[in-house]
Amino acid sequence: MRIFADYGTPVIVIAGSGIEVIGVSLMQRINYRMKEENRKHGENAMCAVEVNGGSCVFRECFFSSDAGMACKVRSGASPLFSKCVFEYAKLQGLWFGSSSTGRVEDCSILACTEANLQVEARADPVVSRCKIFESFACGVRVTDGGKGLFTDNEIFRCVSANVRVDDEAEPIFRNNYIHDGRMEGVSVLSNGLGLFEKNDITSNGASGVVILSGGDPTVVRNTIHRNRVHGLHITGDGNGIVRDNDVFQNVLAGVYIETSSNPKVSHNRISNGLGTGITVADEGEGLIEDNDIYLNKLCGVEVKSGGR
């Protein structure tokens with residue numbers, strides 16, 4: 001079954017529990033040219049499906065929107081999305097806000113103009129075993145105090161960072177495969193926090209992990225390899241704990257620290273890079289201890305002029 005809505009109205013609005021939608025295509029179309037400056041975002045954005053409360057279920061459904069978000073979840077709602085596809089949204093594919101929760105399992109989220117999946121405003125969903133890919137912006141963005149548990153997902157081939165965490169967001173990313181982005185694998189900035197544990201971060205067009213502008217994540221037990229710039233790049237007042245990671249075969253430094261950044265880097269294995277193991281430059285500093293640094297093409301640890 002396919003259900004269309006035109007002129008920017010939602011296909012369906014749910015504000016209660018006990019509702020289950022199975023095998024339906026829910027598509028919002030817009031039959032006039034909307035000026036970008038008139039397009040609303042966040043809570044006020046147009047959407048194909050709006051979940052405003054309660055605990056509903058969507059199974060094997062398809063969501064898309066030419067006008068805004070494919071699906072918006074807010075107002076404390078706690079839906080389940082299972083084996084659904086969110087595709088070709090003008091804004092986000094799936095958006096969680098205003099303290100909503102819920103589960104997203106075995107879904108595909110792709111090819112959206114903004115983040116494929118965005119979590120903000122104290123929302124805290126569980127996202128597992130999904131494929132999140134080919135966004136024209138970020139694959140996953142967690143912002144504005146958002147949280148969320150992201151486990152066993154594949155996040156790849158996005159135009160911006162595959163994963164972006166900012167504005168005091170504090171998610172958990174565990175056991176994800178984050179690869180082949182055009183830019184960073186993971187970017188934590190603007191006072192973003194969070195835990196990144198046991199992820200495979202590889203083959204991204206820039207660095208595997210970038211921490212900047214007050215970003216302060218915990219990065220532990222990840223495999224960070226074959227990225228086209230640094231393994232980890234900590235810059236512009238970046239902080240964070242970097243512990244017990246395997247960092248290898250990156251094109252430049254395994255870990256590059258600069259511009260007033262001050263991370264704690266310990267118990268990592270940093271090897272086989274085409275550049276240095278660790279570089280500290282341009283007023284960068286940090287606590288660096290108990291790492292194994294070996295078989296890098298250039299020196300193991302380099303402290304450049306201005307590094308501390």
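Predicted model: local features only at pLDDT ≥ 70, side-chain atom pairs only at ≥ 80, totals over all residues.

Student: Which side chain meets D6 in a salt bridge?

Tutor: A salt bridge here is a side-chain nitrogen of Lys or Arg within 4 Å of a carboxyl oxygen of Asp or Glu. D6 has such a contact, at 3.1 Å from N to O, and its partner is R29.

Student: How many residues apart in sequence are the parts that D6 and R29 tie together?

Tutor: D6 sits in the loop between β1 (2–5) and β2, and R29 in the loop between β4 and β5, so the pair ties together parts of the chain that are apart in sequence. Strands are DSSP runs of E with at least two residues, numbered from the N terminus. The separation is 23 residues.

Student: Is R74 buried or exposed?

Tutor: R74 forms a salt bridge with E43, with the closest N and O atoms 3.0 Å apart. E43 is in the loop between β4 and β5 and R74 in the loop between β8 and β9 (80–82), 31 residues apart. E43 counts as partly exposed at 30% relative accessibility. R74, at 17%, counts as buried.

Student: Which residue is linked with E43 and R74 in a network of salt bridges?

Tutor: Look at strand β5, where V13 has a residue standing opposite. That residue also joins E43 and R74 in the network: E50.

Student: Why is strand β5 largely enclosed by the rest of the structure?

Tutor: β5 pairs in the parallel sense with β8 (residues 69–73) over four bridges, where two strands pair if DSSP finds at least two bridges between them. Three bridges also join it to β2 (residues 12–14), again running parallel. It is largely enclosed because, of its five residues (47–51), the number buried is five.

Student: What is the bridge partner of V51 in β8?

Tutor: The parallel pairing of β5 and β8 is the place to look. There, V51 is partnered by V73.

Notes. Residues numbered from 1 in each chain as written. Heavy atoms only, no water. Buried < 20%, exposed > 50% of the residue type's maximum accessible area, 1.4 Å probe, protein only.
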